[in-house]
Each structure stands twice: as structure tokens, then as C-alpha cells.
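Please read them with the coordinates open beside the text.

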Amino acid sequence: MASPGGRERARAVALAGPTASGKTAAALAIAREHGAEIISVDSALVYRGMDIGTAKPSVDELAAVPHHLVDIRDPSQAYSAAEFAADAQRLIGEINARGRLALLVGGTMLYFKAWYEGLDAMPPADPAIRAEIEAEASSLGWPAMHAQLAQVDAATAARLAPADSQRIQRALEVYRATGRALSSFHGQRSAGAVNDTPLFSLEPRERSWLHERIARRFDAMLAAGFLGEVQALRERGDLAPGLPSMRCVGYRQAWELLDEHEAAGDVHPFPMHLLRERGVAATRQLAKRQLTWLRSMPQRRVVECDAPDAMQQLLRAVREALA
């Protein structure tokens, strides 16, 4: 596939969509038809040992088509959108060199934003400053740290809740490292990040269709032992609810309920009905945010995932894009 200037373009397509929209099955169908390798665009699938609650592709599915950026981090570690963009660019080159199509698939919209638009030119994390802020927060509390942030970066503080420890910490870290407000970096994009990878988006015409699928999938996760998975992660002793891995939808709600259950003395059975209720509600909210992100991406080509012939429509659209 040549560019207008005659230079060979990277052979890649992207498939996005809200959670439970059918991306895994659709990606496998595209991969089989075009000899593609899949690059996961999912901030939860990067973590090892988080299989049930992330709806990670099964062993058979992972074996059927080469997958990348799955199980590449321990849950104690972070993985950023900038790292994803760099890894995706490298992987596409390697996949194309093997004569295969690269297929980016997932629902982490910040990763797609990084891929299509680039990221604000933020300074890297500074572990020493981060530890200093953590120590202060342990003594003063995050609302006090939020008040500190308001004095040096009112714009960022205004959009953050006083208990949003992760984002308050990052904003203070950036200020202490650079002397500049986090908000001042907005709009300074990384050079050369904008690209024209065809983007297909699975979006339902009827929201109720997606809600029903979300509920069924969460029920299946509970039946498969999701609570036990979270308990095993807690028992490691090196994980905390503020980590990016444990902030994933489902895991956060399970961790909070386990905390509540322990605080009550474990005298009653664990409230699985509450876990289901909170987990399904949180997943619906995630899907709503994902759809909002997608609607802000005018380059996407929408396929109604609740249409009877959705798979045929998608495969036909991909064929046309690659022709």
C-alpha cells in the first residue's frame, strides 16, 4: 500500500468499541481473513494474573492468532499511553516486516488518542518526587494536597476531586519537577504522532443491547471465579487499591467490597449481589465514557454492532479499506 509520495505505508487497521461490543470475536474474524497479528489497545489486558475480570481472550483465542501487549506487566507496575504508542509503532513495523497486517484492537480510548493525535509533551515520572508527595499525603491527606495544587495550578485542581489521589499526585509531581502547571503542557503535542490508520468502531444503535451484554458477561465472570481472582491479588500483599491495575472496572468494586466486608467482621456471607450491582453499574459507566470518546473521533467508520449482519458489514468495510 503506497502513500501519495510513493513511500510504502504501514499496513495497519484499528478496531475500537465499548466494552462487551464484540471486539474479540470481530478481531479474530478480521485476523483470520487477512493474516493479521493483533495489538491489544487495552490498559487492563497488559496485566498478568488479571484474566477473568478483564475478559482476557481465552488460551485458545490467544493461540489462534498472535497477540501483542497482553500479559506484559505485573499488576504492581504501571503502563502508560506513551509507552503504548511507542510499543505499537515498533510492533507494527515488526509485523509488517513479516508480511502481515497489524490489527490494533481495544477499548482504552486514551491509547487510541495517543496513537492518532499524540500526547501532551509531559515530563517523565520522577520516583523521588512521587515518594515525597506520597509521604506528605500520608501525613496531611489528599484534600490538603488538592489545596496545595489549587495554589499552583488552579485549572487542573478545578477539574479534579479532592480525593483523586492518582491525578493530584501527578499534577503536583509535574509542577515540582518543572515549575510549570500541568495544564500548561496541554496542547503541546508530540511531533509526528498523527496518523491515518483506518479506524472501525463497533457501536450499538440500542444502548439496552449493550447493557444486557454487560450484565451477562459480568455474571459469567462471577461464575468463573472473579472474586477469587481479586482475593488472590489482595493476598499478595504488594498491591493497593490506588494502583492503576486495581483501579480497573470490576477490580475496584470488588476490592472496596472486600474491605467493607472485612471491616464488618466477616460475620455475614460476602454480598455477591452488591458486587454484581456495583460491577455492572461501573461497567455501564465505562461503556458510556468509551462511546463519548469515540464520538469525538470523526475519522472512525461506525459499524452497528447490534445489527444482525454486523460481522459481515465490518469484514466488508475492512476489505474495502485494504483494497
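1. Lysine 23 is placed in helix H1, which covers residues 23-34, and threonine 24 is found in helix H1 as well. Please keep in mind throughout that this is a predicted model. Lysine 23 has a relative accessible area of 13% and is therefore classed as buried, the limit for that class being under 20%. Threonine 24, with a relative accessibility of 32%, counts as partly exposed.

2. What surrounds lysine 23 once its neighbours within four places in sequence are left aside? Its contacts are then Leu15, Ala16, Gly17 and Pro18, together with Val105, Gly106, Gly107 and Leu202. Both lysine 23 and threonine 24 belong to a stretch that the unreviewed UniProt entry annotates as "binding site", and that annotation also covers Thr19, Ala20, Ser21 and Gly22. I would cite the label as coming from that record, since such annotations may be inferred rather than shown by experiment.

3. At the level of the whole chain, the protein is divided into domain 1, made of residues 12-119 and 190-322, and domain 2, made of residues 127-185. The centres of domain 1 and domain 2, taken over C-alpha atoms, are separated by 29 Å.

4. In soluble globular proteins, nonpolar side chains tend to be buried together. The largest nonpolar core of this model has 53 residues, and the members with the most contacts inside it are Ile39, Phe84, Leu104, Phe112, Phe226, Tyr251 and Leu275. Helix H3, spanning residues 81-97, supplies the largest share of this core, with 7 residues. There is also a second, separate core of 26 residues, which includes Val13, Leu28, Ala29 and Ile38.

5. Apart from its neighbours within four places in sequence, leucine 104 is in contact with Ala12, Val13, Ala14 and Leu15, with Ile39 and Val41, with Phe84, Ala88 and Ile92, and with Phe112 and Trp115.

6. A search of the whole structure finds 23 salt bridges. In one of them, lysine 56 is paired with aspartate 71, and the closest N and O atoms are 2.4 Å apart. This pair links distant parts of the chain, 15 residues apart: lysine 56 sits in the loop between strand S2 (36-41) and helix H2 (59-64), whereas aspartate 71 sits in the loop between strand S3 (67-68) and H3. Lysine 56 is buried, at 11% relative accessible area, while aspartate 71 is partly exposed, at 32%.

7. A further salt bridge joins lysine 113 to glutamate 117, with the closest N and O atoms 3.0 Å apart. Both residues lie in helix H4 (residues 109-117), where a spacing of 4 residues corresponds to about one turn of the helix. Glutamate 117 has a relative accessible area of 33% and is partly exposed.

8. Arginine 205 and glutamate 304 form a salt bridge whose closest N and O atoms are 3.0 Å apart. Here the partners are 99 residues apart and link distant parts of the chain, arginine 205 lying in the loop between strand S5 (199-203) and helix H9 (207-223), and glutamate 304 in strand S6 (residues 301-304). Arginine 205 is exposed, with a relative accessible area of 61%, whereas glutamate 304, at 28%, is partly exposed. Elsewhere, salt bridges that share partners join Glu37, Arg98 and Arg100 into one network.

Note on methods
Residues are numbered from 1 along each chain as its sequence is written. This is a predicted model: local features need pLDDT of at least 70, side-chain atom pairs count only at pLDDT 80 or more; totals for chains, interfaces and linings use all residues. Side-chain values use heavy atoms; hydrogens and water are left out. Domain bounds come from an automatic or database domain assignment. A nonpolar core is a set of buried Ala, Val, Leu, Ile, Met, Phe, Trp, Tyr and Cys residues joined through side-chain atoms within 4.5 Å. Buried means under 20% relative accessible area, exposed over 50%, partly exposed in between (1.4 Å probe, protein chains only). Helices (H or I, at least four residues) and strands (E, at least two) are DSSP runs, numbered from the N terminus. Contact means heavy atoms within 4.5 Å. A salt bridge is a side-chain nitrogen of Lys or Arg within 4 Å of a carboxyl oxygen of Asp or Glu.
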